[in-house]
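Here is a short note to read beside the structure. Take the points in order and find each element as you go.

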Amino acid sequence: MSVTATFRIWRGDAHGGKFEDYATPISEGMVVLDAVHQIQAGQANDLACRWNCKAGKCGSCSAEINGIPKLMCMTRLNSIPLDQPVTIEPMKAFPILRDLVTDVSWNFAAKLKVKKFKPRPPDAPDGSWRMAQVDIDRVQEFRKCIECFLCQDVCHVLREHHKHEEFIGPRLLVYTAALEMHPLDTEERVADLKKGHGIGYCNITKCCTTVCPENITITDNAIIPLKERVVDEFFDPLKGLWKLIRPKS
Amino acid sequence: MPEYQTHEHDVLIIGAGGAGLRAAIEASAAGVKVGLVCKSLLGKAHTVMAEGGIAAALANVDDRDNWRVHFADTMRGGQYVNNWRMAELHAKEAPERVRELEKWGAVFDRTPDGRILQRNFGGHRYPRLAHVGDRTGLELIRTLQDHGIHQGIDVHMEHTVVTLLKDGDRVVGALAYERERGRFKIFRAKAVVLATGGIGRAYKITSNSWEYTGDGHALAYQAGAELIDMEFVQFHPTGMVWPPSVMGILVTEGVRGEGGILTNTEGKRFMFGDIPDTYKTQTADNPEEGWRYCQGDKNARRPPELLTRDHVARCIVREIKAGRGTPHGGVFLDIAWIKEKMPDAPEYIRRKLPSMYHQFKQLADIDITREPMEVGPTTHYVMGGIRVDADTQMTPTLPGLFACGECAAGINGANRLGGNSLSDIIVFGKRAGEYAAKFAQENGVGAADDAQIEAAARRSLEPFDRGAAEGGKAEGPYQVQYDLQEMMQDLVGIVRREDEMQRALAGLAKLWERAGKVAVHGHREYNPGWHTAIDLPNLLTVSEAVTRSAIERKESRGAHFRDDFEDKDATFGKVNIVVRKLADGSMEVRREPIPEMPDHLKQVIEEMK
């Protein structure tokens, strides 16, 4: 006998919408995205959702499952209660396009504001560099990011306060951290972090770290060290004093 | 004709995986105006799924490596039906392309002396794959993306191209629709580069995402380009087999590169029992030597698990058919066993194969540091594709149309070596971008008449008309797609035979008919049913090309294995199978001699034997 579960999926567009219930049979090992695909193929051909790799590597199928930001492809049905409807709704921090699809173009535009990688001159005549593995471990952690934007979605600065113009959000702070901590990089981004990128808005509630499907320690390893750089540069009282009294050349 | 939004670029690139992005970067660096159209969001293309690494003879780990060895390995892996000029360019240029990624911010794993680390992989004589754990593809695409966005490229995300626009034989643009809004847009360009990837969605069990519907292959074919080598579809030996919902998801060859072994239910390492003659001298004949190889012992030969993908896949199928497969229809892939050899094995596995660890833990409740994985073959890659000139990547029959990456053919011959696709896309992506820019600089704007645009738009909207007309009774697109996938898997899969493939041809004719009648409902904004209906003709076109080419090649070579012609046939070793569309709409299949290899390359192959 097959088991059936009910999925309460948000249907609608920018003008509004509502939840609709779909019952679909479930089998061992299924993930939420499988259920959505089954519903799409059998009951609602026009149900809009993004997906690509179905293996947690591309970060396309972000949604809120029972209110929690997750990748649909990595959320096993045996990890959520099925005796009540499973709600699936689009991310809240971005404008709705249709059903589960949101307009995430802001993330791409905001990324352009972060100054690009600028390496020091090569270390060897063949144009290559030398870096120790221990010096790149932390950058590699940040570069695991699959740009699912779940951290942006959960961040209250964006989600509740809509500071998209003033704050680049956890994803792009991780991106900045990967550049800033890259052993070869020579660019200066600390002033931007304070002003244009609004790092001060982050009050380290660590929600972003909690939802990251790649388990990147966003707050502790990326944002806090960047905050420290900003503090060192702009809020160090001794440094401030020195700037005031130093002999002018 | 309705007023469609029109974009004008010098070079239009279709597809934003590694090949498309690399082409876009190169073309824009040449100073022309570049447009990039892609089906998904930027940075989500299938390149992210590439795990193991980029093959390039950097010789950082073994200084005996150089382009000549890489060239010979690639030709041997491709069973010598490769385009030798492409294989030569690829082997020579890959190291420079990899170093360039580092210049743009990529962070590869390091050797103890701080250089780019390289790992072992199937069919490569020396450790050759530059990598980042097991997420090399993500590193590559993100590096190109983050570099490319500062180059002034116009990116049009979530657009699907429905037809190429022509001025006589010359390709001068494309008609696309915006997936979000369902609106058609005209893209006019002096040169067009196809970088659309593969065709895996023609099969039921595949490691490929929904995007892999053979769009570039079909667009080029419909416009009059030739496709070659379409019979060569790579079935990766190790895909997940359980649970059902993850069937086909890739398990990187890196697992075997790090020492993972394949066993059957009798606990036997069955790969030792079947080592092809061409690889005997390079392959270990005992487990101890194989392990030493994985540990970097330069005097050891590689374990048989690292034979080429076509061979390993067939050996796995044989074990399963002989009743020695696992309960879920696979074989065991065991990396946990290395704990016998190293004290900190679990930590080592998690560090070298983090996403495999993650994938199995989360999707299958398997801890790969403690227990073996169950794996079986999965449709992974198509060696065949659009015929292009080796140096310029331009199609010989359609001036102004270029192709690179998986949708182009030539470099891989009958079987691709792991790691050669990431190097392929950056080597030939660069070349396609360079020569497309040059073509655009040397040629004026072409003109595409309104009739072809209007015809394509009308054809694309027909499923809606049928949906409205039939009031919900007509068939939707999904079942047709499922039936196609099921049929290709069963009849034109890993092991093929004439009668089954003839049945597939008959089946394809019926599926063409059904595809012409599918109906969709709802409206045009982000409607996946409609998108699937539009993908169907592409999938059918490439499926037909695969089937007809596979019937024509009456031998077994590389990824193409025939039950009724089990051996290699030297006469087929001298030809490519070519398909093209005839004026009456039918598909012509012909054999064409492979140009003679020049002496200096023959000599390289001889030396490396």
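In which sense do strand β10 and strand β19 of chain B pair, and over how many bridges?

1. Start with that pair. This is a predicted model. Strand β10 (residues 227–228) and strand β19 (residues 575–581) of chain B pair in the antiparallel sense. To locate the pairing, find Leu227(B): its bridge partner in β19(B) is Val579(B).

2. Now widen the view. β10 and β19 belong to an open sheet of four strands in chain B. The order is β15-β10-β19-β20, and the pairing is antiparallel. The edge strands of this sheet are β15 (385–386) and β20 (587–593) of chain B. Each edge strand pairs on one side only. As a reminder, strands of a sheet pair through backbone hydrogen bonds, either parallel or antiparallel.

3. Next, look for the helix on this sheet. Helix α15 (residues 528–552) of chain B lies across β10, β19 and β20 of chain B. Its direction is at about 45 degrees to β20(B).

4. Turn to chain A, where β5 shows both kinds of pairing. Strand β1 (residues 3–13) of chain A and strand β5 (residues 86–89) of chain A pair in the parallel sense, over three bridges. Here Phe7(A) stands opposite Val86(A) in β5(A). Strand β3 (residues 62–65) of chain A pairs with β5(A) in the antiparallel sense, over two bridges. Here Ile65(A) stands opposite Ile88(A) in β5(A).

5. Stay in chain A for two helices. The axes of α6 (residues 169–180) and α9 (residues 218–234) of chain A come within 9 Å. They cross at roughly 70 degrees. α6(A) and α9(A) are therefore roughly perpendicular to each other. Their crossing is left-handed.

6. Which residues of α6(A) and α9(A) meet? From α6(A) come Pro170(A), Leu173(A), Val174(A), Thr176(A), Ala177(A) and Glu180(A). From α9(A) come Ile218(A), Ala222(A), Ile223(A), Pro225(A) and Leu226(A). The residues of this contact divide into nine nonpolar, one polar and one charged.

7. Finish where the chains touch. The contact takes 49 residues from chain A and 49 residues from chain B. On the side of chain A, the elements that give two or more residues are α1 (32–42), β6 (96–98), α2 (105–111) and α3 (133–143). α3(A) gives the most, with five residues. The residues on this side of chain A divide into 23 nonpolar, 13 polar and 13 charged.

Technical notes. Residues numbered from 1 in each chain as written. Chains lettered and ligands numbered in written order. Predicted model: local features only at pLDDT ≥ 70, side-chain atom pairs only at ≥ 80, totals over all residues. Contact = placed C-beta atoms within 7 Å. Nonpolar A, V, L, I, M, F, W, Y, C, P; charged D, E, K, R; others polar. Axes fitted to C-alpha atoms, helices over the stretch in contact; angles between N-to-C directions. Parallel < 35°, antiparallel > 145°, perpendicular 65-115°, else oblique. Left-handed = near helix turned anticlockwise from the far one by under 90°. Pairing = 2+ DSSP bridges.
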